[in-house]
Structure formats: structure tokens, C-alpha cells
Amino acid sequence: MNKYLLTIDQGTTSTRAIIFDKKGKIKALSSKEIKCLTPQPSYVEQDPLEILASVKYVLKSVFNNTNINPSQIDSIGITNQRETTILWDKNTGKPVYNAIVWQSKQSNYICEELINKNYQQIIKDKTGLPIDSYFSATKIKWIMEHVDGLDKKIANNEILFGTVDTWLLWNLSINKVHYTDYSNASRTMLFNIKDLQWDDELLKILNIPRNILPKVVDSSMIYDYINPDFFFDNKIPIASMIGDQQAALFGQACFNKGDLKNTYGTGCFLLLNTKDNIVDSKNGLITTIAWGINNKIDYALEGSIFVAGSAVQFLRDNLKIIYNAAQTEEKASLVKDNGGVYFVPTFSGLGSPYWNMDVKGALLGITRATTNNHIIRATLEAIAYQTKDIINIIEKDAKCKVTKLKVDGGASENKLLMQFQSDILNIDIEQPSTYETTALGAALLAGLATSYFKDYQEIIDNYTISKTYKPQMNKEEIDKLYQKWKLALETCMKFI
Ligand code: ADP
């Protein structure tokens, strides 16, 4: 009887269950949307029980459209939206507050206090992270400050903290194990990525008690078995947990030092595997843990672009010059170049290396000859230019030369964008055969833990590229276009 791997992919907008075969091919997929709650403008929250219910739903429904039987599942992997924070009562299983989602800014004031006390350097040295409400630590503190009677319950050992991986494992496992993996721990701003321990000094600074924290374990191991109540009476090992971007890095088979992937979604996330090298970024990149396997850690350097696919959504929803995202490809190819038009889509400030939250976007270089198609083309090009900006910093910080880029995510389906990306970077762009690299990464890690795969080599042998984009632009043209982009950015930075 053939065996398969199942991933629970718990993302910000939806939860999915995907079944893969040994070659990494998708055999079945089920999805359920998750609501975002915004009780106040800068707050983004979700109901942890809705997250859990959505997982239970997709675990059942994924078998509806396939003849694969639940007993044919070798193991289950979990990949998750990162940093999102949940505290719950371990006696009742009830959350003490909503999940505070990674995007939420409600703990900004706690970050300001930490910055005013000059804790930036110590936090960066220990965790690899800048002080930001994006990470879990200040979200935990926020919940502790806003829920009445929590201190007493914490003192009585009644409360647990977890990111979404931990919340799901605790709820789904037979023995309610309270674990997180290294990749998720490294996003909390409490985990010392050098000592590989929760950091006592940071816990003290933030006044966060150690007894609520999960045990930090490998990203690939049998943690426990799924409660048969949730899985058609089958007891299957839960054998991987990993944050979504790190999962994509694994799913793209980026196992070697210098392997780089970019996920083109709402924003873009670039991750470079730096193996055992903990690179201290001088330019605002994040140092993070890629995964831990057999107690061995791979580190990564991460750069993010806030606005990528969401600039395409802006064309559709605000300017209304396209009906859907895919149409950008056809429309942009109707013009031979950008016609001198540059679109800087900085709707929510500039990230690495500028870190300027006040910069607004702009459309530059318009003439009487400019058409919608030029603006559409300029929008796609902006995604590629921003990626080049980050890769330039990665090369500086990691002292390496990037020679190829692996891509995934919704906007990587755009051939014009990918060709332009290859041109402007002057390197090969590789698109894998499996579209769902994030879910695949978690599945592969689960399969490694159960010996479903013999070794890494078997995974590498299964990894195939569906398309390679080769650079076709000469250096002069690249420089001319890229310098104009830089000029456009500088112009925006002055217009504050
Ligand atoms: P996320 O996981 O962040 O929700 P996805 O990987 O599903 O993102 O990608 C969706 C994003 O990619 C949307 O912002 C959408 O505008 C953009 N997108 C999807 N398809 C295309 C395309 N063919 N060309 C350009 N952008 C696209």
C-alpha cells in the first residue's frame, strides 16, 4: 500500500491540508479561510479556536476528493504563520485572549519602552532580531498586561504560551505535548540563537515567566501521535513543525550554504541558507534559524519586502486597470519597455536597508505617451527592483555572490516578471515543479523523521525544476534601469 505525507499549512488567510506523494506531487488539497479581527485600527487578531476548528475541518475534508485512505498517511507535518501569539489555560484548553497576529501593532508601545532603555544591541546580539512588535515577545507581554487575573494563574502554572505550531501540536497530540521548533522559537525575540536556550536575561527584561514557554525541539522528529478522534481513528505521528518561510526554504531544497529562495506573495521573503554561520547583518536583515535537524542548526539570513503582490492588488482594486493579477502579464507585454515610468509602491514605509516608515509611494516619469500598460509594467518591475535591493544587501552581509535564485509564491507564476527578474539580477531564476513549496517543506521534514525518505539525497533527487529563466539583458541596460530605480527611491525619501 502506497504511503503519503500530509501537511497542515496554517497561514494568515487560510488553513490548508495537503497530501503529497513520495515525489512531492500534490494528491489532495483542502482549504478553509480564517477571519482576521481588528478590534482597533492597529490591532490584528484571530480566534485560536477558529484556527483549530479550521485545522480539524481540513484534516477531514482533504480525504473527500481522493481515494487515499487516512491509514495511508505516513506522518503529519505542521507549517505555520510565524510570530502569531497565543496564551491558553492548560486545564480548560481555552485561550485567555485572541491570537495576536504577526502584523498587529498593538504592542508597539512596549517596543518603544525597550528602545528607550537602549536594549536594541543586546536583543539583536542574542536573538538576531531588531526590536519590533512583529515578533512574539511584546505580544506575550501585551496579553499579560491586558488580561485580568493572569498573573495569579501563571504563578499557579496554569498558563501556556505558544506560536501557532505549538498551539496546534498541543491540541492535536494525544499527550498534549508543549513543544515549539527552533525556527519558530527564533521568531519570539526571547530565544538565544547562539546558546539555543530561552534567554534568562531577556525574560527578565520583559518580565516574562519561563514556566509558560514550550520546550524547543528539532523541526523534524516524532513529537507525538495525532489524537485518533481528529483523524478517523488513525494514530499517525506528527513529525515536523517549521515556520512558513523556513519551510519554503526547505521545500526548495536549499540545503547548501548560499542557497537562496524568494517567495513572491503579498510581500516578498528572501531567505539565504548560511548553514552554521550566524551572520550579523549590518543592513537591517534578520538573522534567524532555518531549522534544527538531529540537534544541528542551519541558520538563515532573511530580508523582506513589504509590498510586492499587494502592489498588483492596488492596480486591481484602487486604480482598477486590471481585472485580476494574472492579467498583468498580458498587459505588460503589450509595451516593449516601461517607457521611462517607475512605480515605487511604498504604501507602508521602506524596509531593509532604509527602515523609514514615513516614505510614501510615487509614480514617476509619466509623459503624454504613458499608458496603463506602462504603469502595470512598472509595477511588476518594482517587485524585481526591490528584490535586487535585498540581494545586494545579502551579498554584502553574507560576503557571498548570489549566482541563482529559486522562486515560489503566487506572483512567481508571472513569466514577464520572472524574466525581468532574471535580467535585472543577471542570474538564473529557477521555478520548482511543485508549486506548494511551503507545505512540501513541512512534509519532507516529517518524512525525514519517520525514515519515509532514506536520506537527504532522496529528497534532492525528487526535487525538479519546471522552468529556468536565463538573463538576456546587457550590463549597460541593467545599470541604466537600476540607477533610475534608485533615483526614484531617493526622490520618494525626500518627499516626506
Ligand atoms: P500570500 O501567500 O501572501 O497570500 P500568494 O503566494 O497566494 O500570496 O500570492 C498572491 C499574491 O501574488 C497577490 O498579492 C497577487 O496580487 C499576486 N499575484 C498572483 N498571481 C500573480 C500574477 N500572475 N502576476 C502578478 N502577481 C500575481
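Trainee: How many salt bridges does the count come to?

Mentor: The model is a predicted one. Side chains of opposite charge can pair when their charged atoms come close. A pair is counted when a side-chain nitrogen of Lys or Arg is within 4 Å of a carboxyl oxygen of Asp or Glu. By this rule the count is 28.

Trainee: Which side chain meets Lys124 in a salt bridge?

Mentor: The N to O distance of this pair is 2.6 Å. Lys124 is in helix α3 (residues 120-127), and its partner is 156 residues apart from it, in the loop between β16 (268-275) and β17 (286-293). The partner is Asp280.

Trainee: Is Asp280 buried, exposed or partly exposed?

Mentor: Buried means under 20% relative accessible area and exposed means over 50%. Asp280 has 41% relative accessibility, so the class in between applies: partly exposed.

Trainee: In the salt bridge between Lys275 and Asp298, which residue counts as buried?

Mentor: The two side chains meet at 3.2 Å, N to O. The pair joins distant parts of the chain, with Lys275 in strand β16 and Asp298 in strand β18 (residues 296-305). Lys275 has a relative accessible area of 25% and is therefore partly exposed. At 5% relative accessibility, the buried residue is Asp298.

Trainee: Which helix holds both Glu477 and Lys480?

Mentor: The side chains of Glu477 and Lys480 form a salt bridge at 3.6 Å, N to O. Glu477 is partly exposed at 29%, whereas Lys480 is exposed at 51%. The two residues are three residues apart, about one turn of the helix, and that helix is α16 (residues 475-494).

Trainee: What percentage of the ligand's accessible area does the protein cover?

Mentor: Among the residues that come nearest to the ligand are Thr266, Gly309 and Gln313. A side-chain N or O atom of Thr266 is 2.6 Å from a ligand oxygen, and a backbone N or O atom of Gly309 lies 3.0 Å from an oxygen of the ligand. On its own the ligand has 580 Å² of accessible area, and the protein covers 68%.

Trainee: Which helix gives the most residues to the shell around the ligand?

Mentor: By class, the shell has four nonpolar, nine polar and no charged residues. The helix that gives the most contributes four residues and spans residues 309-317: helix α10.

Trainee: Which strand holds Ile222?

Mentor: Ile222 forms a nonpolar surface patch with Ile174 and Tyr225, about 220 Å² of accessible area together. Ile222 counts as partly exposed because its relative accessibility is 36%. Its strand covers residues 220-225 and is β13.

Key. Residues are numbered from 1 along each chain as its sequence is written. This is a predicted model: local features need pLDDT of at least 70, side-chain atom pairs count only at pLDDT 80 or more; totals for chains, interfaces and linings use all residues. Side-chain values use heavy atoms; hydrogens and water are left out. A residue is near a molecule or strand if one of its heavy atoms lies within 4 Å of it. A polar contact is a pair of N or O atoms within 3.5 Å; within protein, one must be able to donate a hydrogen and the other to accept it, and residues adjacent in sequence count only if both atoms are side-chain atoms. Accessible areas come from the Shrake-Rupley method with a 1.4 Å probe; for residues, only the protein chains shown count as cover. Ala, Val, Leu, Ile, Met, Phe, Trp, Tyr, Cys and Pro count as nonpolar, Asp, Glu, Lys and Arg as charged, and the others, Gly among them, as polar. Patches are made of residues with over 30% relative accessible area and no salt bridge: like charges are joined within 9 Å, nonpolar side chains (Val, Leu, Ile, Met, Phe, Trp, Tyr) within 5 Å. Buried means under 20% relative accessible area, exposed over 50%, partly exposed in between (1.4 Å probe, protein chains only).
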